[in-house]
There are 2 protein chains.
Amino acid sequence: MAHTLTVSIDAMGGDAGPSVVVSALMRTVVRHPGVHFLLHGDEAQLHALVERHPRLKNCVSVRHAPGRVAMEDKPSHVLRRGRDTSMWHTILSVKNDEANVAVSAGNTGALMAVSMFNLGIIEGVARPAIASIWPTLKGQTVVLDCGANVTATDEQLVDFAVMGEAFAHAIFGLERPRVGLLNVGSEEQKGNDAVKGAAAILRGSNLPIAFHGFIEGDDITKGTVDVVVTDGFTGNIALKTAEGTAKLVAQFLRQSLRRSMLGRLGAVIASGSLNALRRKLDPRASNGGIFLGLNGVVVKSHGGTDAVGFASALDMAIDMAKADINARITADRRSIAAKSAGDRAAEL
Amino acid sequence: MAHTLTVSIDAMGGDAGPSVVVSALMRTVVRHPGVHFLLHGDEAQLHALVERHPRLKNCVSVRHAPGRVAMEDKPSHVLRRGRDTSMWHTILSVKNDEANVAVSAGNTGALMAVSMFNLGIIEGVARPAIASIWPTLKGQTVVLDCGANVTATDEQLVDFAVMGEAFAHAIFGLERPRVGLLNVGSEEQKGNDAVKGAAAILRGSNLPIAFHGFIEGDDITKGTVDVVVTDGFTGNIALKTAEGTAKLVAQFLRQSLRRSMLGRLGAVIASGSLNALRRKLDPRASNGGIFLGLNGVVVKSHGGTDAVGFASALDMAIDMAKADINARITADRRSIAAKSAGDRAAEL
């Protein structure tokens, strides 16, 4: 069978290791026939796992990598001494055009460092960002940066807007995604210098971006915009606060239902509905942080996920590989650069 | 009856106006006999409302203030031209020792500006903060700053830790509240300069603070610590993101239950439990941002709240007035100043 695209997988990343990756693949090959998978890691271990599943035979290749990045390894250490690791080899396959997209459940900082080192950043973009998809009252929205950086200047926030817009266009299929800047109020005079500066650039640009203006934290789940732009410090904390809050509410629901006989009875009768809710809130369903801004597509799965979660990350990676979003990011970034060069010339 | 304490109320603040304030008072006077209330605002309107309720006669006084701060008024405008407003008079009563605590549902920025101008900041504290109480899996936790400032230096974060610790001691009755700094990871090398600097100061200080170290967004609702310290930009966004997420999950629950016959039937049978959950998630139950760091206590109620929510803000104000937390903040701040003067002397 001719393969339309190839996914490079770090089979040794994550807390659970290669057995989770292979179980995930059993789900993925059914959903995506014709996709090829390169598994990087301990050859003997991977061969033994793959051979148990005849279904994987024609679509999976194993590549030996003796080393393994640990969750506590510092990015700088991995850059110096990690060239034999499964993570490094996973990214290298994308660099060498053997694969269209890379997936790893390994250490986020190390994965970003190895990706930046090997793939490089899109011309004109200062820093990559991690995007993640959130459920909302209206559907879904993409939030970035969720933690690639701990600070962001106004121009970096504009880069995130450009990258997020390209993502929403490609993945959500929206003609003109609405882009909002996360702030402490929606009025123009509110916020820190970075968000005020970014808003001024976005309002003045001739980009094909539907800039909504400032939004507040509760606008994320309201679905006020399709793309939420923020710095990586705020975005990471907002993401984890939302995850914690969803778990808290689910726990309160369980406690309330258990506390009385009628509660327990009602829960049994409505168990189908409650299970549907559980599936809807399952963080595994939208598992995967997408690294944007690199010359290549990299998806980070949650380190502690299981086969269902890792399969979601593979779905995301395959969607990303099919949509050529980097071409749009490059074009939009050039258009901002040309506009700002034009503005400077006009000022002279 | 001799009044033990007096609450000064901006009766014209908030979207709904004085009728909500008076309805709230009807609840509050039952819960807190012996407390006196000063209502600032339009005398004729307030007298008419108060006279309908004989119960309020002995514990409520009306003070005329002709002006009113609008939700869209800029703080600088209110400082220049707002001396006749109900908000200004409300704070002035605390300044003049006629009241122990002030409550307003008006414009947050204006209320903070008027409070700072009239009450001043506690000696040694650089900036006040807005604290709010969150429900957690273990009980409750106080988060600050939730939006008084859009940036914070390392020393300002330390001030917030001191103020939050004093708050948790006084209001939660904890002997040694655990204090955590909100960050993008719990490892020491993570985060921006402000959080790393603040952690270094808190680890090296001889304050009686149980410093837990860094926490992540999901630790807030886990109840990992009793006091969550962060800058006002991140704190405000985390707070509103959590509110939005709780609403999203509640909406998903309603949708799931409505979608099937068994879901609807189960919901009817478990309606007691579901109502208990609704009460637990009701944002009105913990309505009130507390301004910390001022020479006086000010509580900000949500502008769009109803009588139940405003009564919660009054409860909070009365609890605050009973606990003399500013004395503890002042003492701890002095101890930091002495320690840092000692450190500088030792370096010479």
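This is a predicted model: local features need pLDDT of at least 70, side-chain atom pairs count only at pLDDT 80 or more; totals for chains, interfaces and linings use all residues.
View 1. The peptide bond that joins L144(B) to D145(B) is cis. Its omega is about 5 degrees.

**View 2. A cis peptide bond in chain A joins L144(A) and D145(A).** Omega is about 5 degrees for this bond. D145(A) belongs to the loop between β6 (140-144) and α6 (154-171) of chain A.

**View 3. D97(A) has a positive phi.** The value is near 65 degrees, and the residue is not a glycine. D97(A) lies in a loop of chain A, with α4 (86-95) on one side and β4 on the other.

**View 4. Helices α6 and α7 of chain B cross at roughly 55 degrees.** Helix α6 spans residues 154-172 of chain B, and helix α7 spans residues 193-204 of chain B. Their axes come within 8 Å. At this angle α6(B) and α7(B) are therefore oblique to each other. The crossing of the pair is right-handed. From α6(B), the contact draws on D154(B), L157(B), V158(B) and A161(B). From α7(B) come A194(B), V195(B), G197(B), A198(B), I201(B) and L202(B). By class, the contact of α6(B) with α7(B) has 8 nonpolar residues, 1 polar and 1 charged.

**View 5. Helices α1 and α2 of chain B also meet, with a crossing of roughly 35 degrees.** Helix α1 covers residues 18-31 of chain B, and helix α2 covers residues 43-51 of chain B. Their axes come within 10 Å. The crossing of α1(B) and α2(B) is right-handed. P18(B), S19(B) and V22(B) make the contact from α1(B). Q45(B), L46(B), L49(B) and V50(B) make it from α2(B). The contact of α1(B) with α2(B) counts 5 nonpolar and 2 polar residues, with no charged ones.

**View 6. An open sheet of 11 strands in chain A.** The strand order is β3-β2-β1-β4-β11-β10-β5-β6-β9-β7-β8. Pairing in this sheet is mixed. β3 (60-64) and β8 (210-215) of chain A are the edge strands. Each has a single partner strand, so one side of each has no neighbour in the sheet. From one strand to the next, the twist averages 25 degrees.

**View 7. Strands β7 and β9 of chain A run parallel.** β7 takes in residues 178-182 of chain A, and β9 takes in residues 227-229 of chain A. They are joined by 3 bridges. L181(A) has V229(A) of β9(A) as its bridge partner.

**View 8. Helices on the sheet of chain A: α5(A) packs against β4, β10 and β11.** The strands touched by α5(A) are β4 (101-104), β10 (289-292) and β11 of chain A. The direction of α5(A) makes about 175 degrees with that of β11(A). Helix α7 (residues 193-204) of chain A also packs on the sheet, where it touches β7 and β8 of chain A. Between the directions of this helix and β8(A) the angle is about 160 degrees.

**View 9. Chain A is assigned domain 1 and domain 2.** Domain 1 is made of 1-122 + 293-324, and domain 2 of 126-292. The C-alpha centres of these two domains of chain A lie 26 Å apart. Domain 1 of chain A gives 21 residues to the contact, and domain 2 of chain A gives 17 residues. On the domain 1 side, α5 (108-119), β11 (297-300) and α12 (307-322) of chain A are the elements that give two or more residues. α12(A) gives the most to that side, with 7 residues. By class, the domain 1 side of this contact has 11 nonpolar, 7 polar and 3 charged residues.

**View 10. Chain B meets chain A.** The contact takes 52 residues of chain B and 52 residues of chain A. On the side of chain B, α8 (217-222), α9 (232-258), α10 (261-269) and α11 (271-281) are the elements that give two or more residues. α9(B) gives the most to this side, with 22 residues. The side of chain B that touches chain A divides into 26 nonpolar, 18 polar and 8 charged residues.

Methods:
Residues are numbered from 1 along each chain as its sequence is written. Chains are lettered from A and ligands numbered from 1 in the order in which they are written. Domain bounds come from an automatic or database domain assignment. Two residues are in contact if their C-beta atoms, placed from the backbone, lie within 7 Å. Helices (H or I, at least four residues) and strands (E, at least two) are DSSP runs, numbered from the N terminus. Ala, Val, Leu, Ile, Met, Phe, Trp, Tyr, Cys and Pro count as nonpolar, Asp, Glu, Lys and Arg as charged, and the others, Gly among them, as polar. Two strands pair if DSSP finds at least two bridges between them. Axes are lines fitted to C-alpha atoms, for helices over the stretch in contact, and angles run from 0 to 180 degrees between N-to-C directions. Angles under 35 degrees count as roughly parallel, over 145 as roughly antiparallel, 65 to 115 as roughly perpendicular and the rest as oblique. A crossing is left-handed if the near helix is turned anticlockwise from the far one by less than a right angle, and right-handed if clockwise.
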